Amino acid sequence: MTTLDTLYTILPGQLSVVTGLPGSGKSELIDQICVNIAMQKGWRFAIASFENPPHMHIAKLAEKVVGKPFFDNDGEEKMTVDERDYALAFLNQHFVFLQSHDGAPSTVQSIIDRTKQAVMRMGVRGLIIDPYNYLEMTGDSEHQAISKMLTDIVLFCKSHELHAFFVAHPAKSIPDDGIPKGQHISGSAAWFAKADMGVTVHRRGDDTQVHVWKSRFKWVGKI
């Protein structure tokens, strides 16, 4: 991931908005970044992931820790039992999943409340919300609801020295080059305005590109 270091770095107290077309690898990129930071810096992360059941997400994270498939995969060497046990122990120390056990829809406030507990219990430094459209929001309009949601997350990150990753899908209308950016995210211009770092993951065939479309501070990243 060293090719990203001059473009995109992670600071506590900031919000990263990550977008891209379906299947482009948004979640995979965030997972890899968080595993790297956990291994190199000892950070702990809280995850609100609505599209991956925790047991499947843990398997994906374990593959990034070990560098081998968790399951059999077209003849590739699968991780050993010892490697699996090491990865699971590492993930248990550095990642916690924010599940809604009562089946009620998640709201930003419920995620903030559960993350506060993880901060006090584990010393969590990062929060992943993937994707935002599973959250229940209230407001007179979609724009107002999204703007308030992002404001609440930004203030929470600043007050607790967290870095939050927010995955947001683009609207149906995308630019001519096919690469969506902050202004193309569905629902509100607040996605661009309130992000500290804005990133697009884009695939062209077998080539995966990472585009940085916003960096609030020039010493953190560059477009």
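In the predicted model, Val-108, Ile-112, Thr-115, Lys-116 and Val-119 of helix α4 are in contact with Met-149, Asp-152, Ile-153, Phe-156 and His-160 of helix α5, contact being heavy atoms within 4.5 Å. The residues of this contact comprise six nonpolar, two polar and two charged; Ala, Val, Leu, Ile, Met, Phe, Trp, Tyr, Cys and Pro are counted as nonpolar, Asp, Glu, Lys and Arg as charged, and the others, including Gly, as polar. Helix α4 spans residues 108-122 and helix α5 residues 142-160, and their axes come within 10 Å and cross at roughly 10°. The two helices are therefore roughly parallel to each other, the term applying to angles under 35 degrees. Axes are lines fitted to C-alpha atoms, for helices over the stretch in contact, with angles from 0 to 180 degrees between N-to-C directions. Helices (H or I, at least four residues) and strands (E, at least two) are DSSP runs, numbered from the N terminus.

Numbering of residues starts from 1 along each chain as its sequence is written. As the model is predicted, local features need pLDDT of at least 70 and side-chain atom pairs count only at pLDDT 80 or more, while totals for chains, interfaces and linings use all residues; side-chain values use heavy atoms, without hydrogens and water.

Seven strands form an open sheet of mixed pairing in the order β3-β2-β4-β5-β1-β6-β7, where a pair requires at least two DSSP bridges between the strands. Strands β3 (95-97) and β7 (207-215) are at the edges with a single partner strand each, so one side of each has no neighbour in the sheet. From one strand to the next, the twist averages 20°. Strands β1 (residues 14-19) and β6 (residues 197-204) run parallel and are joined by four bridges, with Thr-19 partnered by Thr-200 in β6. The pairing of β6 with β7 is antiparallel and extends over eight bridges; here His-202 is opposite Gln-209 in β7. These two strands form a hairpin with two residues between them, and Gly-205 in the turn has a positive phi of about 65°.

Helix α1 (residues 26-41) lies across β1, β2 (45-49), β3, β4 (126-130), β5 (163-167), β6 and β7, at about 165° to β5. Helix α4 lies across β2, β3 and β4 and runs at about 150° to β3.

Two backbone features occur in loops. Asp-130 and Pro-131 are joined by a cis peptide bond with omega of about -15°, and Pro-131 belongs to the loop between β4 and α5. Glu-161, in the loop between α5 and β5, is not a glycine but has a positive phi of about 55°.

The largest pocket contains about 370 Å³ of space. Its lining consists of 13 residues, of which Asp-5, Ile-10, Ile-33, Ile-37 and Gln-40 are the closest to its centre. By class, the lining has seven nonpolar, four polar and two charged residues. On a 1 Å grid over the protein atoms alone, a pocket is an open set of points where a 1.4 Å probe fits, with protein on both sides within 12 Å along at least five of seven lines, and lining residues have an atom within 4 Å of a point. Points are joined across faces, edges and corners, and the volume is the space filled by probe spheres set on them.

Note on methods: Parallel < 35°, antiparallel > 145°, perpendicular 65-115°, else oblique.
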